[in-house]
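Open the model in your viewer and colour it by confidence. Then follow the stops below.

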Amino acid sequence: MFFILATQWITLLASRLLRFLKNNEGASGIEYALIAGMVAVAIAAFVPDISLAISNTFTTLQAALEGDTAAAAPSGGG
């Protein structure tokens, strides 16, 4: 009896593992995110104005996360 239950349990786990390994539903979303990130880095590297804007955005975000309200306030220089 124990052998039958153990065999069924192992079969169930094996089928779940195979189903998990075959599931690639989220893979395309991750690939698109990586491509978008690479494009953003390329644009930021070759266009100085965009690079400066991105740098300012991250500086403002970092200041806001650290709680520095004076640095987090928008400069209004758009």
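What is the mean pLDDT of the protein, and what share of its residues reach 70 or more? This is a predicted model, and its mean pLDDT is 78, with 81% of residues at 70 or more.

Next, switch to cartoon. Trace the chain along the sequence: the pattern reads α-α-α-α.

Now select residues 48-66, helix α3. This helix has the highest mean pLDDT among the elements, 86. Its 19 residues reach 27 Å from first C-alpha to last, close to the 27 Å expected at 1.5 Å a residue.

Step on to G67, which follows α3. Its phi is positive, near 90 degrees.

Then select residues 69-72, helix α4. Here the mean pLDDT is 59, the lowest among the elements. Where pLDDT is low, predicted coordinates should not be read in detail.

Finally, show the surface. The accessible area comes to about 7,000 Å², and carbon and sulfur atoms account for 70% of it. Of the 78 residues in the protein, 3% are buried.

Technical notes
Residues numbered from 1 in each chain as written. Predicted model: local features only at pLDDT ≥ 70, side-chain atom pairs only at ≥ 80, totals over all residues. Heavy atoms only, no water. Helix = DSSP H or I, 4+ residues; strand = E, 2+ residues; numbered from the N terminus. Buried < 20%, exposed > 50% of the residue type's maximum accessible area, 1.4 Å probe, protein only. Areas by Shrake-Rupley, 256 points an atom, 1.4 Å probe, with all protein chains shown as cover. Expected span 1.5 Å × (residues − 1). pLDDT = per-residue confidence, 0-100.
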